[in-house]
Amino acid sequence: MLLEQRARSLAVHAVLVAYSALALGPILLVVMNSFKARNAIFDSPLSPPDSSTFSLIGYAKVFRASHIVVYFENSLIVTMVSMGLVLLFGAMAAWALSEYRFRGSTALGLFLSIGIMVPIRLGSVAILNMMRTLGLNDTLTALILVYIAQGLPMAIFILSEFIQQIPMDLRDAARCDGVPETRIFFEVIAPLLRPAIATVAVFTIVPIWNDLWFPLILTSSDSTHTITLGVQQFLGQYITDWNSVLAALSMAILPVVVIYVIFSRQLIAGLTSGAVK
Amino acid sequence: MSNLRVEHLGKSYGSANVLSDINLSVDNGEFIVLVGPSGCGKSTLLRMIAGLDGVTTGDIYIGDRLVNGLAPAERRIAMVFQSYALYPHMDVRKNMTFGLKFTGVAPAERQRRVDEAARMLRLEPLLGRYPRDLSGGQRQRVAIGRAIVREPDVFLFDEPLSNLDAALRVSTRVEIARLHRLLGATMVYVTHDQTEAMTLADRIVVMSEGRIEQIGKALDLYYGPANLFVAGFIGSPAMNFFLGAVETVDGATARIVGAGFEPLALPADALDRGAKVTIGVRPEHLRIAGQGPFATSGAVELVERLGVSSFAHVRRADDKTLVVEVRGRETPEVTQNVTFRAPLQDIHVFDASGQRIDISKGR
């Protein structure tokens, strides 16, 4: 009995370890090799940097040769503003759709969920035309608008599910207390949505930060490139500067990891315990 | 403090009628309990008074003010929920003051009200705690405190004790009764527990299937149930019913025969020959070797001994079960055949439509 349990737990852990290795391996390779000299990258790509192969040449080149700080700034601005607005509008829409019954609310809910099923990239040409017409071509605003549209459907979907788990009595109690509807949302409901908001934040940030497509078609100057697009300039058709690519990629990973660590603390459920029995 | 009036109130969801033609008048300072089985519409009625559910037809007046179109907060009511509904991310003090911020109560006054409510409910040591650190009883006291600080005209309670364990339920019940005396406030209280209803209420409103069956004081309902539903609902264990018919009327005496009891002579004032009737007798009014015109007998199947009294379950002649309360140390043996009697004053008679026939008063 006990043996069987142990065997099962071992098997599960084996699978998990294998998956983790598979997922973390490439990242580890990128980070490891970003600290090695060019020859060492090609000679022994799988070995960690040692005293003879250690080199910061990639980082030095990246900072010297490109506008990496600007790219970083752009990525941060686009990601943070998009995330903030997706969370705000997403939570408000989710609350409205699950709390109020109004004419067309079902249709509106369906309309918003279409975005989950249809990839926004299908509309690339139309988006490009629209941005040109609006004069938003080659601006961060264009990227932010697109990312909000991209992130909203999933945010509304996830947050609606969470909102439905919040006891109805809470909002009834707030109404009896004379709390205005907007304050009910921001001061009673939103604080209880923190775990959900953290989840949505992570789900929203990662694809925006990593996106190459929309910066590629919507931005054209160095001053509006994001980090993911910026890295591409080291990938040439004939020569690829691997030191710089790996160094830039390593740095690009960092903010996402930091953000994930920050939000994962909020991912603790059970915040509603004590509200109702 | 205020009175409350409900006139011809109805509620329907689509074609489903949840409440129909509810009329109720609650005096200033009165404690009214709405009681009934689940799904009878009592909670809906309470939520309509609170303004959380809309009115389909009819009017609600609080303090002679028509409140149909008013938001809950404008009705000057406060509601206590079964699930407590405390704000989980606020401490006890904040829970109580949160609503006051929006109704224009000055900070100093908020402070005073919270302190007073905390003293009344013995919540002082808990003011800095969060709901998750409180026990069920403490949470419910906080919820009541949150209602008190609003100084409402009418207090509404929606099954406030249902989530508490038995001992706590009794002590919190006493607490609520004490509060009512202290505050002298108008209170409407919903429960499915008849003990709560009987002990707390000035008047009880018995509801079933969206209708009011009877309104009255606890003992009026107990001794004079208006119909079969109230007779069966109030009292535990429930009243025993026997189907019968008026066989003959001879002068002032009617002879009623039916299954499960011996032919019964009753004053004939309100009884017609041939009328179908239901005879009801409470378990506690039947006595072994007792006196009275009503007699029934059967074999004892089971005896539940509770100490104060015992409940004998008896198989009647018409193969239904009869429950009899037996007091004292002597209880009948299982399989023993026993005859029980009840005096005239404890015999309830209902007509074919289930309405009470007052046999002593005439028609």
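Which residue stands opposite B:Glu7 in E4(B)? Select B:Glu7 and look across: the residue opposite is B:Asp59. Keep in mind that this is a predicted model.

Now widen the view to the two strands. Strand E1 (residues 4-13) and strand E4 (residues 57-62) of chain B run antiparallel, paired over five bridges. They belong to an open, antiparallel sheet of four strands, ordered E2-E1-E4-E5 (chain B). At the edges sit strand E2 (16-26) and strand E5 (65-66) of chain B, each with pairing on one side only. Next, pick helix H1 (residues 42-50) of chain B, which packs on the sheet and touches E1, E2 and E4 of chain B. Its direction makes about 115° with that of E1(B).

Next stop: B:Asn95, in helix H2 (residues 92-102) of chain B. This residue counts as buried because its relative accessible area is 0%, and the cut-off for buried is under 20%. Beyond neighbours within four places in sequence, show its contacts: B:Leu86, B:Tyr87, B:Met90, B:Pro131 and B:Arg146.

Then try two glutamates. B:Glu151 has a positive phi near 45° and sits in the loop between helix H4 (136-148) and strand E7 (154-158) of chain B. B:Glu159 also has phi near 45°, in the loop between E7 and helix H5 (166-183) of chain B. B:Glu151 is partly exposed at 36% relative accessible area, whereas B:Glu159 is buried at 9%.

Last, go to B:Pro237, in the loop between helix H8 (228-233) and strand E11 (240-250) of chain B. The peptide bond joining B:Ser236 to B:Pro237 is cis, with omega about -5°.

Notes:
Residues are numbered from 1 along each chain as its sequence is written. Chains are lettered from A and ligands numbered from 1 in the order in which they are written. This is a predicted model: local features need pLDDT of at least 70, side-chain atom pairs count only at pLDDT 80 or more; totals for chains, interfaces and linings use all residues. Side-chain values use heavy atoms; hydrogens and water are left out. Two strands pair if DSSP finds at least two bridges between them. Contact means heavy atoms within 4.5 Å. Axes are lines fitted to C-alpha atoms, for helices over the stretch in contact, and angles run from 0 to 180 degrees between N-to-C directions. Buried means under 20% relative accessible area, exposed over 50%, partly exposed in between (1.4 Å probe, protein chains only).
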